[in-house]
Amino acid sequence: MINQDNNQGFDAYSQDYIDINFGNINVSNGARMVLKAKGFNEGVGTPRPFIGAPAIVVQININGIWTEIGRLRPRFDWDICAFDISTYSLNPANGIKLRLYSISHDLKYTIIDYVGLETGTEPAKTINNLPLSNAVFS
């Protein structure tokens with residue numbers, strides 16, 4: 001299940017996908033999809049070929065074609081990302097429908113733990129640009 005934040009969810013191997021329908025809800029004041037995932041998990045089965053950099057690709061159906069609107073690049077630990085979907089042609093009468101498409105390779109997979117939708121105006125935020133104090137690369 002991907003409707004609970006419980007560190008379990010769906011094991012998305014390369015080219016697996018989940019279609020999500022949030023139903024008929026009002027998104028006229030804004031909508032953000034929230035996604036929690038953890039990448040680079042070692043799985044079992046038949047190795048999958050490399051088709052691109054690992055990602056969970058967020059797609060929306062526009063005129064019958066699943067079109068990318070954002071990506072979550074997986075991390076070795078849990079990561080949470082929000083995608084503003086209010087700028088796309090959403091038709092609440094047909095339900096708010098999205099697809100999460102996985103790109104990975106070999107026996108690796110990404111756990112999609114949680115997907116949610118927040119509606120309404122975006123909360124106020126403050127951005128503080130801080131100077132870099134240190135960086136290390138092996």
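The protein exposes about 8600 Å², of which carbon and sulfur atoms supply 50%; accessible areas were computed by the Shrake-Rupley method with a 1.4 Å probe, and for residues only the protein chains shown count as cover. The model is predicted: local features require pLDDT of at least 70 and side-chain atom pairs count only at pLDDT 80 or more, whereas totals for chains, interfaces and linings use all residues. Residues are numbered from 1 along each chain as its sequence is written, and side-chain values use heavy atoms, with hydrogens and water left out.

Of the 138 residues, 36% count as buried (under 20% relative accessible area, 1.4 Å probe, protein chains only). The C-alpha trace spans about 45 × 45 × 30 Å along its principal axes. Among contacts (heavy atoms within 4.5 Å) with a separation of 6 or more, 83% are accounted for by residues 24 or more positions apart. The side chains include 11 positive and 13 negative ones, and the centres of the two sets lie 3 Å apart; Lys and Arg count as positive and Asp and Glu as negative, without His and the chain ends, and each charge is placed at NZ of Lys, CZ of Arg, CG of Asp or CD of Glu.

The protein contains zero helices and eight strands; helices (H or I, at least four residues) and strands (E, at least two) are DSSP runs numbered from the N terminus. Two strands are taken to pair if DSSP finds at least two bridges between them.

Six bridges link strand 3 (residues 31-42) to strand 6 in the antiparallel sense, and Arg32 has Asp84 as its bridge partner in strand 6.

Strand 4 pairs with strand 7 (residues 97-103) over six antiparallel bridges, Gln59 being partnered by Arg99 of strand 7. Strand 4 (residues 55-62) is also joined to the antiparallel strand 5 (residues 65-72) by seven bridges, and the bridge partner of Val57 in strand 5 is Arg71. Two residues lie between the strands of this hairpin, in which Asn63 adopts a positive phi near 55°.

Technical notes: Buried < 20%, exposed > 50% of the residue type's maximum accessible area, 1.4 Å probe, protein only.
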